Amino acid sequence: QQQKQRQTVVMYPSFGVGHIIPMTELARVLLGRGLAVTMVLIERPFWSSDSGAATTRRVMAANPAITFHFLPPYPSPPDFAGSTKPPFFHTLLLRRYNGELGRFLRSDAFPPGRLHSVVTGMFSTYAVDVAAELGVPAYTFFASGAGFLAIVAQLPALLAGRKEGLKALGDAALDFAGVPPIPASHLVKELLEHPEEDDLCAAMVDVWRRIADADGVVVNTFESLERRAVSALRDLRCGVPGKPMPPVYCVGPVVGDTDRAAEAADERRHDECLEWLDAQPERSVVYLCFGSRGTLPAAQLREIAAGLERSGHRFLWVVRTPAGTEDAKKFLEQRPEPDLDALLPEGFLDRTEGRGLVVTSWAPQVAVLRHRSAGAFVTHCGWNSVLEAVTAGVPMLCWPLYSEQMLNKVLMVGEEMGVAWEMEGYAAGFVTAEEVERKVRLVMESEEGRELRARVAARKEEAEAALREGGSSRVAFERFLADAEKVRGRLGK
Ligand code: UDP
């Protein structure tokens, strides 16, 4: 009953585990402040993978205090399967879903005065229109860093001044305020076209332009991790003439916490990865995982295996079935569990038994990274993975695959953040066994490796300080809540 009386924040993440997970963590913080949270998801979007659905179920089970509501599935557009540009439909679809979202928010589930605000995901920004219709504040939760947000804010102006897409610039460096020079080729692939010639590019630019219409942007980062970008955001406009960037609240790192892992002790006892890690020496294990969607071709998997084997180090490796080659397929395929014997070099699993563990599809990553035996992390540089490693104090080897990951890589290896080195082969689409072996040895054995670890450990401390009473993220979060109240007042709530 009491729960029913509480004001409700509606969270509307974009699709994807990488968006749902951190938003759930933010929801937990809001619950702790006496607000109720309803998380609105879309029932089985037609490109969602089985592992995404399984993870969503796990997230739901672990968060009984959050109300989850599913909007009905949208019929798949007939031309979708043949398209090579599913993300375009993704953004279009989210815009079409505004009607469904509005209907739900006007339903009996929300008596007058109950709705506190709408928090959109970084792709579901069109929902700011729904919030406006209902007269409640709208915020965007940006599940990437301040550096990417700064770039997103500066892109429309950059593109408007050009006749052709940024692709033409190749590796030439782009100067954006707040971040080191970024090779043009390292931007999100879809943004390399020109919006006037490419629908997908135009759609993406438009999605992020709508951030200007939100009452604020909640960013999953902390000030001392990205000082330059955070400070640039204070002065930036957001790509819409005449509109300033709305207030930015850097409240991160918002990642899963160990207390909860302990709470889920039952699950822990049964988890193969954690049990195996328990038996390994401190900081001895290299963990390899490529996010919720990352896959590598079979030849690359064999090469990694050879490199790991030669390095002599312990490893925990999450292996997925290689994706098809076309973009559309990568999104659509319901991939079967990988056949490790067929994918990995003959005898590899036997020869590395005891020293290495290969798991299929999924590992409890936050708990793995925080385990005392985690020594290094080979990562695809998804922003959640980056924050999870930083808060665990684990140094990283970057192997970016898609989305803004190449850009994240530039920031991670850059002087300001300094938490990682890169696997250089990724740029040519193939990392050799020799490089895997060499980099693993470097991070695990060398003096430079120790220095890198020390830098990440310092970042970890900074992250903890940011979240403590009086820390920058805690202060930003208080400001977010107080500002939301002011906006509600202005809207007559
Ligand atoms: N994740 C996990 N186990 C896996 C793969 C991914 O727990 O085997 C989690 C990971 O901890 C992170 C999220 O899934 O919270 C992936 O988000 P990220 O931003 O790193 O990458 P994305 O999947 O969005 O590319």
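Modeller: Strand 1 (residues 8-12) and strand 4 pair in the parallel sense, over five bridges. Two strands count as paired if DSSP finds at least two bridges between them; helices (H or I, at least four residues) and strands (E, at least two) are DSSP runs numbered from the N terminus. This is a predicted model, in which local features need pLDDT of at least 70, side-chain atom pairs count only at pLDDT 80 or more, and totals for chains, interfaces and linings use all residues. Residues are numbered from 1 along each chain as its sequence is written.

Colleague: In strand 4, which residue is the bridge partner of Met 11?

Modeller: Strand 1 and strand 4 are paired in the parallel sense. In strand 4, the partner of Met 11 is Val 119.

Colleague: Is strand 4 largely enclosed or exposed?

Modeller: A residue is buried if 20 or more other C-beta atoms, placed from the backbone, lie within 10 Å of its own, exposed if 12 or fewer do, and partly exposed in between. In strand 4 (residues 115-120), six of the six residues are buried, so this strand is largely enclosed by the rest of the structure.

Colleague: Which hand has the β-α-β unit that strand 4, helix 6 and strand 5 make?

Modeller: Strand 4 also pairs with strand 5 (residues 138-142), in the parallel sense over three bridges, and Thr 120 has Thr 140 as its bridge partner in strand 5. A crossover is right-handed if, with the strands pointing away from the viewer, the path from the first strand over the helix to the second runs clockwise. With helix 6 (residues 128-134), strands 4 and 5 make a unit that is right-handed.

Colleague: Which element gives the most to the shell around the ligand?

Modeller: The ligand is surrounded by 19 residues, with Gly 18, Gly 291, Gln 365, Gly 382 and Ser 385 the closest; a residue is near a molecule if its C-beta atom, placed from the backbone, lies within 6 Å of it. Helix 2 (17-32), helix 17 (365-370) and helix 18 (383-392) each give two or more residues. With four residues, the element that gives the most is helix 18.

Colleague: Where is Cys 381, and is this residue buried or exposed?

Modeller: Most residues other than glycine have a negative phi. Cys 381 has a positive phi, near 70°. Its place is in the loop between strand 13 (374-379) and helix 18. With 31 other C-beta atoms within 10 Å, Cys 381 is buried.

Colleague: Which residues does Glu 309 touch, not counting those up to four places away in sequence?

Modeller: Glu 309 is in helix 13 (residues 298-311) and counts as buried, with 21 C-beta neighbours inside 10 Å. Its C-alpha atom is separated by 8.3 Å from that of Arg 351, 42 residues apart along the chain. Contact requires C-beta atoms, placed from the backbone, within 7 Å. On that basis, Glu 309 touches Phe 348, Arg 351 and Thr 352.

How values were computed. Contact = placed C-beta atoms within 7 Å.
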